Amino acid sequence: MSTAADSSRVADAARKVVQEHDPTRVPTREFLAACFDAGLSWVHFPEGLGGLGVSRGLQSVADGILQDAGGPVPFALNPIGYGMAAPTLREHAQTDELKREWLRPLATTENIWCQLFSEPGAGSDLAGLATSAVRDGDEWVVNGQKVWTSLAHRARWALLLARTDPDAPKHKGLTYFVVDMQGPGVETRPLRQMTGQAEFNEVYLNDARIPDAHRLGAVGDGWRVAMTTLMNERSSIGASGSRRGTGTIADAVSLWASRPDLHTPVLEDRLTKLWLRAEAQRLTSERSRATATVGGPGPEGSVGKLVGAELNQQVYEFCMDLLGPEGILYDDYTMRDMERTDDWRGPLQQRFLRSRANTIEGGTSEVLRNILGERVLGLPGDLRADAGKPWKEIPRG
Amino acid sequence: MADQQDARPFVFSEEQRELRTAVRRFAADNADEQAVRRLMESDPGFDTKAWARLGSELGVLGLSVPEEQGGVGGTLVDQAVAVEELGATLYPGPVFGTVALAIPALVAASDGPVRSELLGPLVEGTRTAAVAVADRAGAFDPAAVTVQATRAGDDWTLSGTVERVVDAAAADDLLVAATGPDGVALFAVDATAGGVERTPLTTLDLTRRQATLRLADAPARLVAGPDEAERVIGHALVVGSALLAVEQVGASQHLLDLTVEYAKGRLQFGRPIGSFQAVKHRLADMLVDLEHARSAAYHAVWALGDGSDDPALAASIAQATCSEAFARIAADTIQLHGGIGFTWEYQAQLYYKRAITDAALLGSAEQHRARIARLVLDTASGDGAPAVATG
Ligand SMILES: Cc1cc2nc3c(=O)[nH]c(=O)nc-3n(C[C@H](O)[C@H](O)[C@H](O)COP(=O)(O)OP(=O)(O)OC[C@H]3O[C@@H](n4cnc5c(N)ncnc54)[C@H](O)[C@@H]3O)c2cc1C
Ligand SMILES: Cc1cc2nc3c(=O)[nH]c(=O)nc-3n(C[C@H](O)[C@H](O)[C@H](O)COP(=O)(O)OP(=O)(O)OC[C@H]3O[C@@H](n4cnc5c(N)ncnc54)[C@H](O)[C@@H]3O)c2cc1C
């Protein structure tokens, strides 16, 4: 396979889309539909499913052209859809018809997706979750409570991990499903976060019914399917943009440049260190894209998530320290929904508070360091109090 | 060897992978830890026969020397692959003086009999060189030159002192920056000539030696005149910074591998110490630092080759990142080995001393950050700064 030929194929397709569907004129959904049809949503996906069957490293070629022409960043509009649901559906949905049925409206952002993984009793220890799914003919009946579900209030579809065998050890008794968030038995209640807004939710499942056709992967194989989702999640969250100086660090650098009256040498070195860390991570993402194959992301994606999350926090801590007394004000704590528009991240202080979640969501930094230590470096695992026990005998709380 | 540009940044060719394997094997055969210790405690500090084989058999001392100058016409990436592997074993020999600085300086100088006469034996490994140019944070500063050049007809003589010249004690050729009647130029001095006095110094890192160079009317030949000396020396320092960064990556990778193995095998409290999160998480942070260092160093060697970035900025990014990473990884290596890490017998100390030495050469991380601040922050725009809530 010639990379150069693939690269120009991707570039040609992107230029054609931009020419025929000028993103500054046509509605976003129409533009994103054209991208999907041209195979530019996930270039490494098969043709017909939003891809061109080329190396995933070439996604940046497409994104560069589409976004330079004023196209949206689709990940920001449907983050769980683009980052996590799409790769999981592509790999595990039962038929090509279902894949197409789910992927195209996902790509256009007509259908927002959410992820029903975490529960009050199962966060880092995701495999310990308690929500049950019981087979009833061609359907499954689901009962339980999920929490911290981002975008559940806007979502049409959800990725669900549920327990189908409480007698098996915890990783073995899980099965993975797609749930209709508008179906009966699914109730969503907003949760307010420290920024004042309600970005995530509690979701109650009371006898919610799922057709067996909407199961992803085999019964009892849910953990393996969930790993597809989580590895993709981690490699898609990150602070660094694809061009030098873009991403979160741009907030600190532009604020610095706009306030020469606040400069001190100590702050300057602190900002330079942050810039350097962001640049080193950007180059690392570029390097892993360049060397990536058609397959999914490996555990190395955890590096980007770990660094990105901590860097986000440090960047906004820097901004707050730069501003001093000017920074300790806020705009509005009224509880409201987060519109995912261009400036959805809000004023600086909101971004600052929001960054506290970065080291928790999508796997805490402690869990990520465990993953890097165990999965990448091959270090021995922790002592486990729950190893090998049937799930129902494991202490919880 | 790739004969033109390396096509895609960060992607090594099949030939480059083979080159890596060959250099790694050579280093394992000729510079295992025992050999390194033996050589570092004897003179001249390296195995001259093995060095010549590196030049002639493996051909890895002047990989980016163009064919018309007698080289193999590879790229800086090829050279970086070799330097990374030599760094992994602390290969004793004048990698810094000869490969990282002298050869790049000569390649950048304009053609002439002096250059071709010097370059061949350096690339072959039959002679070695050191560069006696005091840098300021990895950049050339003509005002810092401490040697005077005097002309008598076609001949030049040099007088003055250069402190702490890496690889000078054993070098055959010395490239010296000196101020003459028309400005600063770069000269070559035969180390055995009259008027050349070298005082070997006891260095923190015994595998990377230094000497103080005193010249008293020492005969010299012109390599690069005042019209090009600044460019030539500047080029050598930037290439040297990138290659030093790659060496730091090679050594850091070795230490991470070493420490991971130790943490898997060492049992305390009835478990491998690598199962304790305090140990595991430190190792995870070492991995992140190493990945960042590798990306920054590779970016520099690729960018210097294909011109895709400002060379000074790319070199400073690499040096600021790799100096810190190697020093921290080496310190953590000692820590995670417990008492044994602090001993003379264990190899951690050798790498720690190299890490501290490399960090100080060609500019510290702090100095490179200061340069980055000038290049990046001073030119940044305040447009698009986030709104600040005003209550
Ligand atoms: C803004 C936001 C959005 C989110 N969106 C979603 C979503 O859309 N869908 C979804 O399913 N979930 C979502 N989450 C949930 C998130 O995945 C969990 O919060 C996270 O995995 C941690 O679980 P927990 O909150 O139960 O904390 P716990 O797991 O109870 O952790 C508490 C503390 O203990 C530490 N800890 C736990 N286990 C270990 C260990 N083995 N070693 C070391 N330290 C450990 C943790 O690092 C943490 O510091 C979201 C969270 C946030 C904050
Ligand atoms: C200069 C010096 C002087 C000394 N003097 C004396 C003396 O006078 N008398 C004497 O009896 N001893 C002495 N010691 C020995 C010293 O007490 C041990 O070196 C120390 O306890 C560490 O043990 P270790 O070297 O076996 O390393 P290990 O215990 O093998 O530790 C290796 C690494 O694993 C970490 N580690 C181990 N267990 C855990 C855990 N449970 N959680 C997290 N991390 C862990 C350690 O912190 C270290 O980083 C001395 C050591 C030194 C370096």
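Biologist: Which residue has a polar backbone atom 2.7 Å from an oxygen atom of ligand 2?

Modeller: In this predicted model, a polar contact requires a pair of N or O atoms within 3.5 Å. An oxygen atom of ligand 2 meets that cut-off at 2.7 Å from a polar atom of the backbone, and the residue that supplies this backbone atom is Gln335(B).

Biologist: How much area is buried between chain A and chain B?

Modeller: The size of an interface is often given as the accessible area lost when the parts come together. Here 52 residues of chain A are in contact with 52 residues of chain B. Carbon and sulfur atoms give 66% of the buried area, which amounts to about 4300 Å².

Biologist: Which helix gives the largest share of the side of chain A that touches chain B?

Modeller: Across this interface there are 8 salt bridges, one of them joining the side chains of Arg271(B) and Asp382(A) at 3.7 Å, N to O. Several helices of chain A give two or more residues to the side that touches chain B, including helix 8 (249-258) and helix 10 (301-323). The largest share, 17 residues, comes from helix 9 of chain A.

Key:
Residues are numbered from 1 along each chain as its sequence is written. Chains are lettered from A and ligands numbered from 1 in the order in which they are written. This is a predicted model: local features need pLDDT of at least 70, side-chain atom pairs count only at pLDDT 80 or more; totals for chains, interfaces and linings use all residues. Side-chain values use heavy atoms; hydrogens and water are left out. A polar contact is a pair of N or O atoms within 3.5 Å; within protein, one must be able to donate a hydrogen and the other to accept it, and residues adjacent in sequence count only if both atoms are side-chain atoms. Contact means heavy atoms within 4.5 Å. Buried area is the accessible area (1.4 Å probe) that two parts lose on being put together, summed over both. A salt bridge is a side-chain nitrogen of Lys or Arg within 4 Å of a carboxyl oxygen of Asp or Glu. Helices (H or I, at least four residues) and strands (E, at least two) are DSSP runs, numbered from the N terminus.
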